[in-house]
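Please read it alongside the sequence and the coordinates.

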Amino acid sequence: MAEGIDPGSKYFEQMMKFIDVGVHLIDRQEITIFYNDKMAETDGFKREQVVGKNFFELFPSLTNETSTFMKVLQSGTEIREKIQTYVSVTGKRITTINSTY
């Protein structure tokens, strides 16, 4: 994540409400630290069901090898516009075009 941006700040939260793109941020311990309303709509969750939760518990179909999040955390190299299909813990099958930084 860019230095100086706090996903818990009021400014960041407000900015995320105005964009029409799903944003899901996790830390190095695989815990969700930010999840906007557009991403919640896409995945079929409520934000409070996701923030503070382990990424792999929410999306058990993903692994270290298939998750763009994990590939970027391990390599330090961004991935842009990759089609990814995954299944949430609720059984919802989701296909997205992800850019992961």
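Strand 3 and strand 4 run antiparallel and are joined by 7 bridges; two strands count as paired if DSSP finds at least two bridges between them. This is a predicted model, in which local features need pLDDT of at least 70, side-chain atom pairs count only at pLDDT 80 or more, and totals for chains, interfaces and linings use all residues. Residues are numbered from 1 along each chain as its sequence is written, and side-chain values use heavy atoms, with hydrogens and water left out.

**Hairpin**
- V87 has R93, in strand 4, as its bridge partner.
- The hairpin of strand 3 and strand 4 has 5 residues between the strands, and G91 takes a positive phi near 95° in this hairpin.

**Overall architecture**
- The protein contains 5 helices and 4 strands, where helices (H or I, at least four residues) and strands (E, at least two) are DSSP runs numbered from the N terminus.
- From the N terminus on, the order of elements is α-β-β-α-α-α-α-β-β.
- The protein is as compact as a globular protein of its length, because its radius of gyration of 13 Å is close to the 13 Å that the globule rule gives for 101 residues. The radius is taken over C-alpha atoms, and the rule is 2.2 Å times the number of residues to the power 0.38.
- The C-alpha trace spans about 35 × 30 × 25 Å along its principal axes.
- Of the 101 residues, 35% are buried (under 20% relative accessible area, with exposed over 50% and partly exposed in between; 1.4 Å probe, protein chains only).
- Among contacts (heavy atoms within 4.5 Å) between residues at least 6 apart in sequence, 33% join residues at least 24 apart.

**Nonpolar cores**
- A nonpolar core is a set of buried Ala, Val, Leu, Ile, Met, Phe, Trp, Tyr and Cys residues joined through side-chain atoms within 4.5 Å.
- The largest such core has 15 residues, of which Y35, F45, F55, F59, L62 and Y86 touch the most other members.
- Helix 2 (37–43), helix 4 (55–58) and helix 5 (68–75) are the elements that give two or more residues to this core, and helix 4 supplies the largest share, 3 residues.
- A second, separate core of 5 residues includes F12, V23, L25 and F34.
- Beyond its neighbours within four places in sequence, F45 is in contact with Y35, A40, V50, L58, F59, S88, V89 and T90.

**Helix 5**
- T68, F69, M70 and V72 are buried in helix 5.
- The buried residues of helix 5 pack against strand 1, helix 4, strand 3 (79–87) and strand 4 (93–100).
- S67 caps the N-terminal end of helix 5, with a side-chain oxygen 3.2 Å from the backbone nitrogen of F69.
- Just after helix 5, G76 takes a positive phi of about 80°.

**Residue H24**
- H24 lies in strand 1 (residues 24–26) and counts as buried, because its relative accessibility is 11%.
- The side chain of H24 makes a polar contact of 2.8 Å with the side chain of T32. A polar contact is a pair of N or O atoms within 3.5 Å; within protein, one must be able to donate a hydrogen and the other to accept it, and residues adjacent in sequence count only if both atoms are side-chain atoms.
- Leaving aside neighbours within four places in sequence, the contacts of H24 are T32, F34, Y35, M39, V50, F55, F59 and F69.
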